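I opened the model to look up a few things about its chains. These are my notes, in the order in which I looked.

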Amino acid sequence: MTTAATSATRSLPPPSERYTILGWLRKNLFSSLFNTVLTVVAVAFIVFILQSLLRWAFTSAEWGVIPANFNLIMRGRYPAAEAWRLWLVLYLLGGAVGMIWSLTTRQIGTALLVVFVLPFALMLVPFFSWAIRLNLLLVEVIGIGGYALGRYLPIERRGRAIAYLLIGYLILMLVVLRGFGEDANTLPAVPTTLWGGLLLSLLLAFFGIALSFPLGVLLALGRQSQLPAIRIASVIYIEFIRGVPLISLLFMGQVMLQLFLPDGFPTIDRVLRALVAITLFSAAYTAENVRGGLQSVSRGQHEAAQALGLSGYQTTMLIILPQALRAVIPVLVGQFIGLFKDTSLVALVGLFDLLGIARTVLANPDWLGTQQEIYVMVAGLYWIFSYMMSYASRRIEEQLGVGKR
Amino acid sequence: MQDIHARQIRPPFYRDERVLSLLSQIVVLGIVLGLGLFFISNMIDGLSEKHSVAISFDFLRQTAGFDIGESLIDYSRQDTYARAFVVGLLNTFQVAALGIVFATALGVLIGVMRLSPNFLVNRIAAIYIDVFRNIPLLVLLIFWAQAVFLKLPQVREALILPGPIFLSNRGVAVPWGVPTDSWSAYLAVLGAGIALGAGVALVLRERGKRTGRMPFIPLWFLGTVAAVGLVGWLILPQPLTLDRPFLDGFNTKGGQVLSQQFLALLSGLVIYTAAFIAEVVRAGIQAVSKGQREAATAMGLTPTQTLRLIIFPQALRVIIPPLTSQYLNLTKNSSLAIAIGYPDLFAVAGNTILNQTGRAIEVFALIMGTYLSLSLITSLLMNMYNQRIRLVER
Amino acid sequence: MKSRAKFNKTGMILSMVVGMIIAACIGPAAAPAVVESDEPTAPAMQEEAQSTLSIVQERGELICVSNSMLPGFGFLDSEGNFSGFDTDYCHAIAAAVFGDANAMEIRPATAKERFTVLSSGEGDVLVRNTTWTMSRDTDLGLNFAPTTFYDGQGIMVRKDSGVMSLADLSGASICVATGTTTELNLADQMAAAGISYEPVVLETADEVFNTYDAGRCDAVTTDKSGLVSRQTILADPSAHVILDVTLSKEPLGPAVRHGDDQWFDLVSWVVFATILAEEHGITSTNIDSFMNSEDPNIRKLLGMEGDFCAKIGLSNAGCFADVISQVGNYAEIYNRNLGPDTIFNLPRGLNNLYTDGGILYAPPIR
């Protein structure tokens, strides 16, 4: 705090001092006695943490558990014979990401490089078979293809193009993964009971986000509505859901749902039940975040839209919502990350998501006592995806210039 | 243009805004109520046909028959389900209250570190935030319970810190005060101290308003209370005796034991929530415009005064609402205790009681009602506080 | 006033959209129920509930509620397959119903959700190391098929703790799984003996033993079979000892819902058939040599005499022969999952045939 007050009065040192390593060290680490003490403590702390971590990772950890259970961790009990469908989904994902990227930004930045280096980096994982590496290469090639294709699309229509792309992708993915009938020759059905591991976690997150977002926006608008019945219904829903833990909704879905349905009603898929609980839960939070955005749109915007003769629907869709959503992108992404992390709770109701699979691996007599390795890996996987999302959100923020206009 | 038209002739009813709005509300209400009735009637039918049981909370008066690992009140297996429920509720309260205190302290520390001009300190805070915000709490809790606390030494090889404090994979045993006869008298002294402190604070505030030099009142208040407390402690014959833990048989005896499950849950919640609170604090401090700081400096306020009188009160206004939701999240997240075996409300009621009685609907109604009222009370309190510190707009 | 009117319109559109979405949500789910009522099975459904067997046959596979985390009885291996003693009985029922032991699917359930899963109709049969108790048999609306595994609750402690009996456990921490009869038995026994202890209640068996092995608890309690099998996979198996006390009787067996006697009979007789097969020495490998047997008992069991499979609603006369040839007799099932060739090496004890000193005794097929 002190430096901020005094730095205004201090004149800048000559460039040579600012840009030498020594100058940098002095300015950032040893500018005062207090600062020096802080630096020493911080260095000690970092050395201690790194040392214990590295010692554990390279001497006592038994990493063999991960390659041995790799398939289980990635796709759960999804049959090996149908695993090519997962690759197909990944190819499509690569293409879609490439296309969306080239539609949102036309310059090749470091972020792009990171995304494109990722599959190559994955190919270096030592225990991967050549088939996996080849498939990763294909994902890469298709991704680049998608990027190139995206450059030919007119940038003016990119919003719509991205929306269609995403919706199309979600539907296609579901069809490929789920398959058609029991006896279909092409794409036989793979029941959701066999879905698991990272696959299930990602799917729950994907569809949770895709479904809870529109529902949340509707609820937010409902809460702002002038019609009392709609407003009150929205408020009750939002406050109720926000007041209870997600785990209670998941338990209700798994344990009690059947009680609320008439006799002889077909059993609802367990994954679907979890998805519905997650969606309903997340929608209430989305609604509150979007409401914040709606409140930030000034009244003048309404009045101006009306003066132009726009209908209520047009005002909402064309004027209010775009501004409101733009204002809350960081919050929304934060919440989507939360949703992704919350999918881990389905492990507590007996689904084999990433965490659930980790727990079954630990029950396997061959791999008892490998809690640290398994959970570090699980945490790492969750971290990578969450971090990528927050990274992408920062990019979008920059793109849209939130906070700059 | 349509509107001009509409004013001249009365529109047909299907275009009349009032009729339509009424209709649409009736439709929505009808759907909501209809769905609700549909579910409830199914439930009642199903229950009466399949299991011939009606909704009833009578089971709460029956004997529970199971033991609970830790409890703030006396509890044994002969007690009722209702008492078991209360035990769970109190455990939830305990972990939530302590969690809020520690998470706030750690969160503010990390948040301030994040703004430190020291590069390393700044980076450590940034990495902390980036790591723990992006890992699911459940994974963190399970990791903490199974891969950290369980790997501590066993109780017979416990680490004995001065105190003595026993640190083992059963938890931590610390020395604890046991009230003696003079404890109630001491409590009265403390009460008097608080009253005196409040009086001092009021006087100082009035004087501060007159002279324009406002002292740091909370410090004076706490100082007064502490002084009175100290004097009382010296005068009265030992209001508390120290009960030291010692190793006996299987476990430590005496003192206060914080179990491994409790510690794992608490530390998991604190570490996770602190990362979010740190971001809230950072954003709050950064939200105070630079001009405020510069103006304060220009007026001759010291950096500490600037922080205390200018920056912090304004930052607080931005911080309180998101902080409230973090507190609520922490309380609700404590229900994940079920994964690591701490007997909180959800674990006791949603797991053991439900499993024994099979009364899913009643038990869930109780659980959800409890969490809902907890949430509503917390947000009510925080809203009141928020009203008080809000910018007065004219 | 004007802006209000505009907002109203938004509200109306919204309410319509909400309504449509809600309608869309319940639409597809409700539709199959309507369609079904046109099918021939519907009138029967209105008079009496459709039989479990016909539901299973229509579906084409058995849904078996079982364990996924108890090695030896039911757990998920690295290849993603379920295996274990209980899982094999699921296979056996599927073999009887469909003539195909793999026409079944495991619905993994935790201890606390297993009964709801069964009673809500999500599963057809519960084979998940479930203890037969009176309250479960009555209150929870279950019917227990014959016991497949006679067990008893035991306690395991560290050898160096010097504990010889329950009374020595005063003040100890005891690890136990939640939602099981074990938890209640422990509370009852300790209260009866007037011993105070600290229960450490955990969610899964895996966590219970991991926590015990780490030294968090002085003792661990569960069914003796579980103790024996888990002891072999502790860090140092020889450092632990199972006390010579039995806290309770734990007969484990398959369970079905109340109200469908035919299905109950079917499940019961599949279990008996495996025991009878062992009695007669019929195994999955030598079953063919028995096909010409003159022994009327064997002929009835293998479906060459009488129409016993029809009595449990099955058209396939060789329903028990399918069970034996595809899954095996009791001894095979036991040895495959718990026997000397497995890491558990669990002595059969009570689970021997009555002729060998055990209490397995199946009524005759006649």
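How many residues does helix H8 of chain B have, and how far does the helix reach from its first C-alpha to its last? I found that H8(B), residues 260-287, has 28 residues and reaches 40 Å. That is close to the 40 Å expected at 1.5 Å a residue (the expected span is 1.5 Å times one less than the number of residues). Helices (H or I, at least four residues) and strands (E, at least two) are DSSP runs, numbered from the N terminus.

Before going on I noted that this is a predicted model, in which local features need pLDDT of at least 70, side-chain atom pairs count only at pLDDT 80 or more, and totals for chains, interfaces and linings use all residues. Residues are numbered from 1 along each chain as its sequence is written, and chains are lettered from A and ligands numbered from 1 in the order in which they are written.

I then checked H8(B) for a bend and found one of about 25° at B:Ala274 (the angle between axes fitted to the seven residues ending there and the seven starting there). Of the 28 residues of H8(B), 23 are buried, so the helix is largely enclosed by the rest of the structure. A residue is buried if 20 or more other C-beta atoms lie within 10 Å of its own, exposed if 12 or fewer, and partly exposed in between, with C-beta atoms placed from the backbone.

Next I looked at strand S8 of chain B, residues 256-259. S8(B) pairs with strand S3 (residues 171-174) of chain B in the antiparallel sense, over 4 bridges (pairing needs at least two bridges found by DSSP). Opposite B:Val257 I found B:Ala173.

I turned to where the chains meet. In the contact between chains B and A, 50 residues of chain B meet 51 residues of chain A (two residues are in contact if their C-beta atoms, placed from the backbone, lie within 7 Å). On the chain B side, H2(B) gives the most, with 10 residues.

Last, I looked up A:Gln226, in the loop between helices H11 (197-224) and H12 (228-243) of chain A. A:Gln226 is partly exposed because 16 other C-beta atoms lie within 10 Å.
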